[in-house]
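Q: Could you walk me through this structure, please? I would like to begin with the helices.

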Amino acid sequence: MKYLFRIYQWLFAAPIILVSTILTSLFTIVASLFNRAWAGYYCTILWGKIFCWLFFVKVKVEGRENIDKKTSYVFVANHQGAYDIFALSGFLGHNFCWMMRRGLTNIPIVGTACHMAGHILVDTRSAESLKKTMDSAKKRLSKGVSLCVFPEGRRTDTGKMGQFKNGAFKLAVDFNLPVVPITIDGSYDVMPRSTFNIKPGTIRIIIHKPIEPAEGGHDLRNLSRDSYEAIHAALPEKYQ
């Protein structure tokens, strides 16, 4: 069965994914000229769901009642694997933009689509570049859009969480926005960092209650710590 699935993955599903990614990216580029918020949201949902459906990956979302579609948040999630992106894009159910590595813009068509749709491209080549990145994020947040970030900065090698960086939390502090911790479990088993082979399975997305700004605003250190602890506590024991 394993080998039959590999044949299916590379000879059938992968070509469909490639074509659908190109078509979705092209449509996003065109649609962004008229309505960036609409294109960045709905095109991304379709793209994420196609990745999951074609490879028999089920996504279960818990805690969606904790968030309001009309409220802007900073979503922070652990980063188990590449399928975190597809699962959140397709199934979170809230309009947001990604904070992603600038290197992704080097991918033909896809990089242009990400830029046109208003996703935040992180440039750490210099202090000036990083400042421009943060300014771009602030502009998007000021327009009522939510932001989704992996504070670890990279996918885990073991399934366990790494240290959080402060960039996303600084934005939440600056804009006094609620932070929503999200636990992702299952994507490491579906597709760990060490391989391109996919294993059908189930990904759980657990949306925790927002961490609201206290009177006087967030405390950066406490915000990062509380977010980490909320996400970590909901992981199965093998990944704690």
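A: α1 and α2 are roughly antiparallel to each other (an angle over 145 degrees). They pack at about 175°, and their axes lie 9 Å apart. This is a predicted model, in which local features need pLDDT of at least 70, side-chain atom pairs count only at 80 or more, and totals for chains, interfaces and linings use all residues. Residues are numbered from 1 along each chain as its sequence is written, and side-chain values use heavy atoms, without hydrogens and water.

Q: Where does α1 bend?
A: Helix α1, residues 2–32, bends by about 40° at Ala 13. A proline, Pro 15, follows within four residues. The bend is the angle between axes fitted to the seven residues ending there and the seven starting there.

Q: On to strands: which way do the residues of β5 point?
A: Ser 146 and Cys 148 point one way, while Leu 147 and Val 149 point the other way. All are buried, meaning under 20% relative accessible area with a 1.4 Å probe, protein chains only. In a regular strand, side chains alternate between the two faces of the sheet.

Q: And which strands does β5 join?
A: Strand β2 (residues 74–77) runs parallel to β5, joined by 3 bridges; Phe 75 has Cys 148 as its bridge partner. Strand β3 (residues 96–101) is also parallel to β5, with 3 bridges, and Cys 97 is partnered by Leu 147.

Methods: Helix = DSSP H or I, 4+ residues; strand = E, 2+ residues; numbered from the N terminus. Axes fitted to C-alpha atoms, helices over the stretch in contact; angles between N-to-C directions. Parallel < 35°, antiparallel > 145°, perpendicular 65-115°, else oblique. Buried < 20%, exposed > 50% of the residue type's maximum accessible area, 1.4 Å probe, protein only. Pairing = 2+ DSSP bridges.
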